Amino acid sequence: MSLSDPLGDMLTRIRNAQIRKKDYVHMPASRFRANVLEVLEREGFIRGFKKVELENHKKNFEIELKYIDGEPVIKEISRISTPGRRVYSKINDLPRNFDGLGISILSTSKGVLSDSEARSENVGGEILCKVF
């Protein structure tokens, strides 16, 4: 099955799993998704993820979601740049999400970074999504 927006699919699966209070969510593995998941794990929005191999030799990610007192850590997760409308930002023009409580995930020349990491590296790029 071909997806036109694999990142949007991943964010939707995470959002739906947290609404249903699931501990884990599974999705097809890719290097790009792994980079975004590493940022989410570094910033403390998910507990972790691992790659599992299915019987048909396809690889999936098993993402462990994070909850505090029964409430999901991720209150809002939304796609900013879509396949039909790319959104780029210079580092000086990068907005702060929820007064610094949330993060933006960027695809930069130095890899996939959170907005705070991009500020410290002094690089701008494509704003993939925002998480609060």
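**View 1. Asp5 and Arg79 meet in a salt bridge.** Their side chains come together at 2.9 Å, N to O; a salt bridge here is a side-chain nitrogen of Lys or Arg within 4 Å of a carboxyl oxygen of Asp or Glu. The two residues sit 74 positions apart, with Asp5 in the segment before α1 and Arg79 in strand β6 (residues 77–79). Helices (H or I, at least four residues) and strands (E, at least two) are DSSP runs, numbered from the N terminus. Keep in mind that this is a predicted model, where local features need pLDDT of at least 70 and side-chain atom pairs count only at pLDDT 80 or more, while totals for chains, interfaces and linings use all residues. Residues are numbered from 1 along each chain as its sequence is written, and side-chain values use heavy atoms, with hydrogens and water left out.

**View 2. Asp9, Arg13 and Arg33 are linked in a salt-bridge network.** Asp9 and Arg13 meet at 3.1 Å, N to O. Both lie in helix α1, four residues apart, or about one turn of the helix. Arg13 counts as partly exposed because its relative accessibility is 32%; the cut-offs are under 20% relative accessible area for buried, over 50% for exposed, and partly exposed in between (1.4 Å probe, protein chains only).

**View 3. Three strands make an open antiparallel sheet in the order β1-β3-β2.** Two strands pair if DSSP finds at least two bridges between them. The edges are β1 (24–28) and β2 (46–53), each pairing on one side only, and the twist averages 25° from one strand to the next. β2 and β3 (residues 59–65) share seven bridges, and Ile46 has Leu65 as its bridge partner in β3. Helix α1 (residues 6–19) lies across β1 and β3 at about 160° to β1. Helix α2 (residues 31–42) lies across β1, β2 and β3, at about 150° to β2. For these angles, axes are lines fitted to C-alpha atoms, for helices over the stretch in contact (heavy atoms within 4.5 Å), and angles run from 0 to 180 degrees between N-to-C directions.

**View 4. Lys50 and Glu62 form a salt bridge between strands.** Their closest N and O atoms are 3.6 Å apart. Lys50 is in β2 and Glu62 in β3, twelve residues apart. Lys50 is partly exposed at 47% relative accessibility, whereas Glu62 counts as buried at 18%.

**View 5. Phe49 and Phe61 pair edge-to-face.** The count comes to two aromatic pairs; rings of Phe, Tyr and Trp (its six-membered ring) pair if their centres lie within 6.5 Å, with planes under 30 degrees apart counted as stacked, over 60 as edge-to-face and the rest as tilted. In this one, the centres are 5.4 Å apart and the planes at 90°. Phe49 belongs to β2 and Phe61 to β3, twelve residues apart. Phe61 is buried at 2% relative accessibility, but Phe49 is partly exposed at 22%.

**View 6. Phe98 and Phe132 are stacked.** Here the centres are 4.1 Å apart, with the planes at 25°. Phe98 lies in the loop between β7 (88–89) and β8 (103–108) and Phe132 in the segment after β10 (125–131), so the pair ties together parts that are 34 residues apart in sequence. Phe98 is partly exposed at 37% relative accessibility, and Phe132 is partly exposed at 28%.
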